Amino acid sequence: MKKLIQFELQKIFSRHLTQIVLIMILFLSVFLNFSTYQNKYAFDGISKEGTGKAAIEIDRKIAAKYEGILTDEKVQQMMSDFTPKSDLHGINAVYLYQNAMQSATFARFSDQNGNWNKASVSDIFGEEEIKIGYIDGWLSTSQNMVKIFVILSFVIIIMITPIFCGEYGGVDTIILTSKFGKTKCTTAKIIASIIATLTVTILVIITNYLLVLILYKSDGLDCNILFAPIEYVESYIPFSITCKTLFIYQILLAITGTVSITGITLILSAACKNQMVTLVASVAIYVFPMILPVTETNPLFQYIALFPLYHLQFVSLMSIEQMSNGLLYAIWAIPVSFIFIGSGCMISHKLFAKHQII
């Protein structure tokens with residue numbers, strides 16, 4: 001069995017198309033992270049202004065000045081320090097961006113002219129303790145990873161599509177008439193598909209994790225995402241979680257999402273005799289939840305959000321609810337992924353082993 005699995009893995013990774021898309025996804029990871037890094041901008045409100053590495057140093061220095069538990073006194077101090085020194089010419093100060101800390105403060109505590117709106121920390125965040133610091137780097141990486149993981153899902157589909165349907169047309173006859181064709185050979189294909197998916201997903205995760213450590217260091221992992229600059233959708237997750245928790249959930253959902261996609265693709269690969277049909281059908285089923293007319297306020301959304309697409313986009317799924325044990329509703333993605341991959345293994349095995357040989 002071990003040799004059969006190794007043979008199937010070799011077939012998956014030796015395809016030129018697979019090699020090309022894998023190189024592309026790794027290149028995209030590096031490109032997006034370095035592009036975001038170079039495009040960073042910050043102004044300390046006095047004299048220092050910069051982009052790229054200089055901007056990150058400015059943001060990190062400002063964050064160090066105010067880091068710790070957010071208090072009303074800190075809010076008033078930040079509002080005083082960040083008050084616009086010139087006419088805004090009609091621009092709403094809530095959307096003004098000078099640096100990450102200023103943006104996070106103004107988004108919640110400023111009126112349209114850049115003055116304190118009199119809101120207290122408890123008015124905005126309730127009784128939760130909010131730890132603030134430098135989180136801009138982690139949130140930037142999180143946003144990039146959403147794009148990367150969505151594209152990774154298509155890479156997984158391309159990799160797994162030929163696993164069964166690529167054998168139709170003659171090779172299936174040889175496989176299924178051999179001694180172990182309907183048992184070990186078919187099982188080896190399924191196991192190899194799962195191993196290939198996990199290998200590629202983990203490789204992409206490690207690449208992005210190393211990039212964030214290289215570019216931004218580990219600052220801010222224990223800080224709260226609720227106090228994020230206005231540009232980050234992650235701050236819409238309405239629960240008091242840290243960047244570390246956010247990153248753990250995102251990695252978990254990337255794995256459950258790609259594994260679920262593998263289950264779907266396995267079924268279609270065994271059911272369809274044409275690779276292009278399998279590819280198109282897999283993509284269509286994957287993106288189908290996006291076109292459903294179900295809003296996030298609809299009770300049905302909590303079920304729609306458990307489809308693989310929302311695992312990889314992750315913010316909507318993580319925003320549904322927090323359970324009594326402290327875990328987010330998104331944890332249900334784990335048993336759902338087992339259902340997808342379990343169904344994919346059983347159905348694809350049966351379809352391929354039982355299909356009529358011509």
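Analyst: Phe-227 is buried, with a relative accessible area of 4%, where buried means under 20% relative accessible area, exposed over 50% and partly exposed in between, computed with a 1.4 Å probe on protein chains only. This is a predicted model, in which local features need pLDDT of at least 70 and side-chain atom pairs count only at pLDDT 80 or more, while totals for chains, interfaces and linings use all residues. Residues are numbered from 1 along each chain as its sequence is written, and side-chain values use heavy atoms, with hydrogens and water left out.

A search of the whole structure finds 10 aromatic pairs; rings of Phe, Tyr and Trp (its six-membered ring) pair if their centres lie within 6.5 Å, and planes under 30 degrees apart count as stacked, over 60 as edge-to-face and the rest as tilted. One of these is the edge-to-face pair of Phe-125 and Phe-227, with 6.5 Å from centre to centre and 65° between the planes. Phe-125 belongs to helix α6 (residues 121-125), whereas Phe-227 lies in the loop between α10 (181-216) and α11 (243-271), 102 residues apart; helices are DSSP runs of H or I with at least four residues, numbered from the N terminus. Phe-125 also counts as buried, at 12% relative accessibility.

Trp-138 and Phe-247 have ring centres 5.3 Å apart and planes at 75°, so this pair is edge-to-face as well. Because Trp-138 lies in helix α7 (residues 136-160) and Phe-247 in helix α11, the pair ties together parts 109 residues apart in sequence. Both Trp-138 and Phe-247 are buried, and ring pairs link Trp-138, Tyr-209 and Phe-247 into a cluster.

Key. Helix = DSSP H or I, 4+ residues; strand = E, 2+ residues; numbered from the N terminus.
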